[in-house]
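Have the sequence and the 3D view open while you read.

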Amino acid sequence: MAMQNRKRRAKRRIAKPKICRLCENKINFIDFKDADLLKKFQTEKGRILPRRITGTCLRHQKMLSTAIQRARIISIVL
């Protein structure tokens, strides 16, 4: 009975802060014609991955989303 009343504590992992890969490489502008770079930030179905998964900063995430949308219009990226 005593074992059932005790709550088991789950071990929490300490999250490592994600660093923006684009800031590391000092990329100031994301070109919508660079399909290889844009594919890294998309799912297999072509959806844009969120910041919490990719670890990009806000500035680069906004540039990524507009570049992917522009590439979709001219059919470079799904």
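What follows is a short tour of this structure, topic by topic.

## Before you start

This is a predicted model, where local features need pLDDT of at least 70, side-chain atom pairs count only at pLDDT 80 or more, and totals for chains, interfaces and linings use all residues. Residues are numbered from 1 along each chain as its sequence is written, and side-chain values use heavy atoms, with hydrogens and water left out.

## The overall fold

Take the contacts (heavy atoms within 4.5 Å) between residues at least 6 apart in sequence: 60% of them join residues at least 24 apart. Of the chain's 78 residues, 28% count as buried. Buried means under 20% relative accessible area, exposed means over 50%, and partly exposed is in between (1.4 Å probe, protein chains only).

## The core

A nonpolar core is a set of buried Ala, Val, Leu, Ile, Met, Phe, Trp, Tyr and Cys residues joined through side-chain atoms within 4.5 Å. The largest one here has 13 residues, and among those with the most contacts inside it are Leu22, Ile30, Phe41 and Val77. Two or more residues come from each of helix H3 (35-39) and helix H5 (58-73), with H5 giving the largest share, five residues.

Leaving aside residues up to four places away in sequence, Ile30 touches Leu22, Leu37, Leu38, His60, Met63, Leu64 and Ala67.

## The surface

The chain's accessible surface comes to about 7200 Å², and 52% of that belongs to carbon and sulfur atoms. Such areas come from the Shrake-Rupley method with a 1.4 Å probe; for residues, only the protein chains shown count as cover.

Look past the end of H5 for Ile74, which sits in the segment after that helix. Ile74 is partly exposed, with a relative accessible area of 47%.

## The cysteines

Cys20 is buried, with a relative accessible area of 7%, while Cys23 is partly exposed at 38%.

Methods: Helices (H or I, at least four residues) and strands (E, at least two) are DSSP runs, numbered from the N terminus.
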